[in-house]
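Have the structure open and follow along.

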Amino acid sequence: MEYFSVNDIYEIRLASLISNIDKDVIIELYQPLIGSISTILYLSLLKQKRNEEDEDVIFTHAQLVSSTQIEPNALETSMNSLEAVGLLRSYVKRGENNNNYIYVLYAPKTPKEFFDDVLFKGLLVQSIGEKEAKRLAEHYRVDLKIPSDYQEKSASFVDVFNPDYDSSSFRKDFGKDILGHESGRVKIAFSYDLFFKSLYENSMIKNDSLSKKDIKEIERISTLFGLDEKTMAMLVIDTYNPNSENHLDYQLLVEKAKEQVRYPFLQKKIRGRSKLSGDGIINKKIRLMEKTSPANWLKLLQNNTTPANADLNIVNDLSLNYGFSNGVINAIVDYVLHKNKNILSKNYCEKIASSLARENISVTVDAMNYLNKITILSKNNNATKNIEPKDEKTDSKNEKESSLSDSEMEDILKLFDGNK
């Protein structure tokens with residue numbers, strides 16, 4: 001992470017109109033994801049901007065720390081959370097004595113956009129539970145059903161104003177840099193351009209035939225199973241049904257993705273691999289976890305053989321229900337296989353996943369540290385029985401802190417390099 005100096009200066013810019021309803025959405029829907037400190041920080045920056053008398057006012061991080069009582073290290077973490085969900089974008093110009101920042105604030109997604117986004121919806125369910133998430137969704141639901149015995153009598157624009165389109169008034173241009181309702185885009189690894197390019201080259205399916213919800217689910221499946229954009233385009237073509245109301249069967253798409261993993265002759269090369277850095281074996285293992293899809297991680301752990309369909313279902317559920325990254329899912333798989341005699345138990349995985357979710361863990365190294373702490377505590381303190389989920393098949397004897405020895409990990413790294 002980048003070090004924040006309290007002497008650094010910043011200015012605030014708005015990329016969107018942000019209404020009171022937007023503030024409600026941030027508090028009700030975003031706060032369970034990013035936490036109260038990040039929420040306070042966003043609202044404080046917004047208030048600072050609206051209190052400006054001049055167009056561009058310069059602030060210091062020291063002023064921000066003083067007004068919000070947020071510690072500098074927490075300030076940095078909160079900034080990262082806001083950036084991750086698209087509420088903030090940061091720009092920096094580095095100087096010898098201090099850095100200059102520009103913070104651009106974006107509006108949150110509308111409630112409909114939020115609940116249509118499988119990633120945000122999944123994180124909300126993970127944070128507050130399905131029952132409360134449904135209650136919030138109902139809070140934003142609108143009733144537009146008009147009884148059949150009613151007829152619309154609304155006047156049209158032309159009926160009331162009768163505009164003269166030949167008038168020069170309609171040709172005035174006031175520029176395009178006018179505030180609208182602009183939500184920040186969440187940074188992802190999936191390339192929409194490559195996906196739609198492959199879709200266009202191989203089918204008659206148009207871009208607008210797929211909804212935002214469809215695209216988000218395609219992206220999730222792509223990331224989970226380590227399939228590139230071209231492969232996902234071919235799977236969509238194979239499962240797309242123009243005669244169906246929803247066009248795309250998500251479950252069928254998942255099954256097709258699993259087939260890509262299960263049958264080596266269908267496999268596509270994993271994109272985005274890079275050489276691992278760092279000398280420590282644990283460092284290498286964590287980096288490998290983060291760069292490998294859960295499906296391929298399972299394959300590596302079992303001597304490069306095809307994972308069972310039931311195991312692929314488990315990692316799919318971890319992604320869908322908890323919204324974990326590939327690295328965290330791989331850490332769960334690695335831990336459970338070690339603790340459960342190389343048996344990937346669905347119940348055991350879910351117990352571990354729930355523990356990580358309650359701890360708000362979303363980074364691979366934090367997951368590894370947490371699971372390692374559980375192992376150490378379970379050895380030394382009987383009072384920690386409730387911390388570590390137990391399974392009837394778990395062998396408490398001969399426990400190791402890592403499921404793989406250094407030599408076994410080296411073999412996997414060599415196998416991984418050999419498959420590039």
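Let's start with Glu217. Setting aside the neighbours within four places in sequence, Glu217 is in contact with Val118, Tyr250 and Leu320. Keep in mind that you're looking at a predicted model. You'll find Glu217 in helix α10. Is this residue buried or exposed? Its relative accessible area is 5%, and because the cut-off for buried is under 20%, Glu217 counts as buried.

Two packed helices are described by the angle between their axes and the distance between the axes. Here the pair is α10, residues 212–225, and α15, residues 309–322. Their axes come within 11 Å and cross at roughly 130 degrees, which makes α10 oblique to α15. As for handedness, the crossing of α10 and α15 is right-handed.

Which residues meet where α10 and α15 touch? From α10 come Glu217, Arg220, Leu224 and Phe225, while α15 brings in Leu312, Val315, Asn316, Ser319 and Leu320.

The largest nonpolar core has 57 residues, and the members touching the most other members are Phe195, Leu210, Ile218, Phe225 and Ile332. Helix α16 supplies the largest share of this core, with 8 residues. Pick Leu210 if you want to see what such a member has around it: not counting residues up to four places away in sequence, Leu210 touches Phe195, Phe196, Leu199, Ile215, Ile218, Val236, Tyr240 and Leu248. Two of the names in that list, Phe195 and Ile218, are also among the core members with the most contacts to other members. Apart from this core lies another, of 33 residues, including Ile18, Ala107, Phe114 and Leu136.

Last stop: the loop between α15 and α16 (326–339), where Ser325 is found. With 31% relative accessibility, Ser325 counts as partly exposed, because that class lies between the 20% and 50% cut-offs. What does Ser325 touch, leaving out residues up to four places away in sequence? The partners are Ser362 and Thr364. Ser325 and Ser362 are 37 residues apart along the chain, yet their C-alpha atoms are separated by 7.0 Å.

Methods:
Residues numbered from 1 in each chain as written. Predicted model: local features only at pLDDT ≥ 70, side-chain atom pairs only at ≥ 80, totals over all residues. Heavy atoms only, no water. Axes fitted to C-alpha atoms, helices over the stretch in contact; angles between N-to-C directions. Helix = DSSP H or I, 4+ residues; strand = E, 2+ residues; numbered from the N terminus. Parallel < 35°, antiparallel > 145°, perpendicular 65-115°, else oblique. Left-handed = near helix turned anticlockwise from the far one by under 90°. Contact = heavy atoms within 4.5 Å. Buried < 20%, exposed > 50% of the residue type's maximum accessible area, 1.4 Å probe, protein only. Core = buried A, V, L, I, M, F, W, Y, C linked by side-chain atoms within 4.5 Å.
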